[in-house]
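Here is a friendly walk through one chain, as questions and answers. Have a look at the structure first, and then we can go through it together.

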Amino acid sequence: MSTTRVTIKDVAARAGVSKGAVSLAFNHKPGLSDATRERIFGAARELGWAPHPTARSLAGARVDVVGLALCRPARLLGLEPFCMEFVSGVESVLIEHSCALLLRLVRSAEEEIALQESWWRARQVGGAILVDFRADDPRVAVVRRLGLPVVAVGHPSLTGGLTSVWSDDAGAVTEAVRYLAGLGHRRIARVGGVAALTALRTAAFDTTARALGLAGARQLDTDQSGEAGARATRSLLTVAAPDRPTAIVYDNDIMAVAGLAVAAELGLAVPADVSVLAWDDSELCRITRPTLSAMSHDVHGFGADAARTLFGVISGEGSGSHPVPAPVLAPRGSTGPPGA
């Protein structure tokens with residue numbers, strides 16, 4: 001039996017193509033016909049060759065590992081229901097494909113870019129889910145250069161033409177502000193998240209407040225933690241009554257629950273003195289007293305849609321923009337007319 005090591009050159013010769021074509025096939029890059037790609041995979045199987053113990057089969061139809069990098073503190077990840085629901089939705093689809101999730105926490109966009117490059121060059125992942133998009137996001141150019149199959153979770157205006165899955169956050173903010181204004185609130189505040197990641201929500205809030213003539217509307221940016229939500233709430237509610245907001249919209253449920261606690265600490269009744277509306281309708285919203293009104297959407301389903309779309313990208317069958325149902329209002333005990 002020969003002990004000669006099979007190389008990419010041998011595969012190219014068996015398939016009747018160049019070494020570059022073999023590389024294109026195994027990196028799932030465009031430029032090859034389906035027939036040529038299959039001929040290359042067939043030659044590789046016959047020779048028992050693979051470029052690396054990768055996360056996909058020789059036929060390229062199965063992915064064993066999907067990458068997801070999150071830029072947030074570990075302590076916040078464990079507390080934030082949105083993240084865990086989203087990940088559980090992703091996992092529900094990966095299980096169907098006998099696939100694993102490689103989840104990493106990073107501290108910056110630069111660290112995530114380095115991680116994605118490392119994953120792809122070492123063939124540790126067959127594709128990745130990208131989240132937390134901002135204007136002129138540097139990851140767009142990087143994943144295009146690498147040829148890394150990705151799905152972008154974000155509005156198409158931010159994702160640079162990458163295949164995207166997104167919900168209409170701006171429309172949901174508009175609905176929330178109009179609902180509170182319809183109850184009679186004129187001084188509405190928003191406790192938002194990281195400014196660069198929530199710019200669409202910020203713009204929608206400002207636009208809607210101006211359209212409704214809400215001169216008392218204001219917004220504060222935070223890191224979305226409970227502590228930051230409590231600080232922001234305290235700063236809003238400790239001003240003189242004529243300037244104090246009568247309703248507050250929070251960018252997540254953790255901050256809204258913290259806001260409820262601050263209102264109680266200051267002797268303010270919810271919703272008689274201040275109405276509270278949370279983003280992301282989690283179990284937390286339903287077990288507080290009063291129960292939290294929320295902008296509700298299927299976060300688990302959102303994660304599942306992202307994973308399914310990624311498999312479409314990897315197989316070459318999916319691309320474009322994929323909207324999912326926007327958050328809808330779920331009114332509960334924490335909102336009502338001012339002075340109710």
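Of the 340 residues in the chain, 51% count as buried, where buried means under 20% relative accessible area, exposed over 50% and partly exposed in between (1.4 Å probe, protein chains only). This is a predicted model, in which local features need pLDDT of at least 70 and side-chain atom pairs count only at pLDDT 80 or more, while totals for chains, interfaces and linings use all residues. Residues are numbered from 1 along each chain as its sequence is written, and side-chain values use heavy atoms, with hydrogens and water left out.

Q: How many helices and strands are there in the chain?
A: Helices (H or I, at least four residues) and strands (E, at least two) are DSSP runs, numbered from the N terminus. By that rule the chain has twelve strands and 13 helices.

Q: What share of the contacts with a separation of 6 or more comes from residues 24 or more positions apart?
A: Contact means heavy atoms within 4.5 Å. Among contacts with a separation of 6 or more, the share from residues 24 or more positions apart is 70%.

Q: Are α1 and α3 parallel or oblique to each other?
A: Helix α1 (residues 8-15) packs with helix α3 (residues 34-47) at about 120°, their axes being 9 Å apart. Axes are lines fitted to C-alpha atoms, for helices over the stretch in contact, and angles run from 0 to 180 degrees between N-to-C directions. Angles under 35 degrees count as roughly parallel, over 145 as roughly antiparallel, 65 to 115 as roughly perpendicular and the rest as oblique. The angle therefore makes α1 and α3 oblique.

Q: Which hand does the crossing of α10 and α11 have?
A: The axes of helix α10 (residues 226-237) and helix α11 (residues 253-265) come within 8 Å and cross at roughly 45°. A crossing is left-handed if the near helix is turned anticlockwise from the far one by less than a right angle, and right-handed if clockwise. The crossing of α10 with α11 is right-handed.

Q: Which residues of α10 make the contact with α11?
A: On the α11 side, the contact involves Ile254, Met255, Ala258, Gly259, Val262, Ala263 and Glu265. On the α10 side, the residues are Gly226, Gly229, Ala230, Thr233, Arg234 and Leu237.

Q: Is Leu180 buried or exposed?
A: Leu180 lies in helix α8 (residues 169-182). Leaving out residues up to four places away in sequence, Leu180 touches His185, Ile188, Ala247, Val249, Ser275, Leu277 and Thr335. With a relative accessible area of 0%, Leu180 is buried.

Q: How far apart are the C-alpha atoms of Ala264 and Val6?
A: Ala264 sits in helix α11 and is exposed, with a relative accessible area of 56%. Along the chain, Ala264 and Val6 are 258 residues apart, and their C-alpha atoms are separated by 72 Å.
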